[in-house]
Amino acid sequence: MGIAFDYTPDRPEHIHAILNGLDRYNPETTSVFQDYIAQQCEDRTYDCYANLALLKLYQFNPHLTRDETTTNILVKALTVFPSPDFSLCLHLLPPHILNSPSSAASLRSAGDAPLSEAVQKLNVLNNLLSEANYKGFWSTLDSDDLYADLVADVSGFEELMRIRIAVTIGQSCREVERGVLEGWLQMRGQDFERFITDICGWGIDDTTGVKGTVVIPVNKENEAKGTVVRENVQFDQFAKIIHRAYEQPA
């Protein structure tokens with residue numbers, strides 16, 4: 001049996017009580033959820049169900065919306081890719097926020113433009129991750145100071161992203177050229193080797209290629225398995241179909 005979508009082992013009791021009661025839709029709990037988001041950013045925990053509940057409260061009470069909290073929710077959702085959490089969060093944002101900054105400015109007050117721009121930039125990062133363009137993700141992250149401001153509140157953001165990228169690579173690859181993997185993780189030298197061996201538990205084969213090859217142990221996700229499909233259909237089972245083909249219409 002799989003883990004329930006709304007399950008989070010580190011969720012505080014008072015948050016659990018709010019999510020499972022009528023106070024979930026009480027505007028007065030907005031500040032409680034906002035403090036909980038700040039806590040998640042500091043201690044590297046994550047509670048998608050609570051974050052979505054806060055975005056739903058923002059839908060019902062737009063005047064309570066805090067841009068910083070909204071972007072922090074989106075940044076936290078990035079740290080658990082390839083799960084669909086980022087897309088779930090986007091679908092709870094107002095339509096004018098999802099438009100380009102110029103379009104949003106014409107639809108709403110000028111104060112919404114910065115949030116719209118931030119959402120668009122974070123969506124660019126999400127698309128790059130979805131495309132497995134990890135090198136492009138890092139180069140884009142370093143291309144604009146706004147990205148640094150957006151992820152500043154999330155403790156250990158780059159480390160969390162490297163771990164998620166490594167998990168995804170480990171599920172799909174058995175060997176990767178060292179130079180390629182260095183670009184995917186944006187790490188070099190001893191830091192790269194330490195991360196690969198100590199954190200990921202992978203090995204480095206220096207006998208192949210110019211820089212060597214990173215060898216990923218076999219697991220249930222990256223193991224190549226042959227599939228044999230056996231058809232167990234008897235000819236007698238087609239008798240009725242063949243018989244119907246020769247029947248005269250009534």
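Me: What makes a set of residues a nonpolar core?
Reply: A nonpolar core is a set of buried residues of the kinds Ala, Val, Leu, Ile, Met, Phe, Trp, Tyr and Cys, joined through side-chain atoms within 4.5 Å. In this predicted model, the largest such core has 60 residues, among which Phe33, Phe137, Ile169 and Leu181 touch the most other members. Helix α3, residues 48-60, supplies the largest share of this core, eight residues.

Me: Why is Phe60 called exposed, and why is Tyr25 called partly exposed?
Reply: Exposed means over 50% relative accessible area, so Phe60, at 51%, is exposed, whereas Tyr25, at 49%, is partly exposed.

Me: What makes the pair of Phe137 and Trp138 edge-to-face?
Reply: The planes of Phe137 and Trp138 are 75 degrees apart, with 5.1 Å from centre to centre; since edge-to-face begins over 60 degrees, the pair of Phe137 and Trp138 is edge-to-face. Both Phe137 and Trp138 are buried.

Me: How do you know that the charged end of Arg162 sits over the ring of Trp138?
Reply: The charged end of Arg162 lies 4.9 Å from the centre of the Trp138 ring, and the distance limit is 6 Å, with a further condition on the angle to the ring normal; Arg162 is listed as sitting over that ring.

Notes:
Residues are numbered from 1 along each chain as its sequence is written. This is a predicted model: local features need pLDDT of at least 70, side-chain atom pairs count only at pLDDT 80 or more; totals for chains, interfaces and linings use all residues. Side-chain values use heavy atoms; hydrogens and water are left out. Buried means under 20% relative accessible area, exposed over 50%, partly exposed in between (1.4 Å probe, protein chains only). Helices (H or I, at least four residues) and strands (E, at least two) are DSSP runs, numbered from the N terminus. Rings of Phe, Tyr and Trp (its six-membered ring) pair if their centres lie within 6.5 Å; planes under 30 degrees apart count as stacked, over 60 as edge-to-face and the rest as tilted. A charge sits over a ring if NZ of Lys or CZ of Arg is within 6 Å of the ring centre and within 35 degrees of the ring normal.
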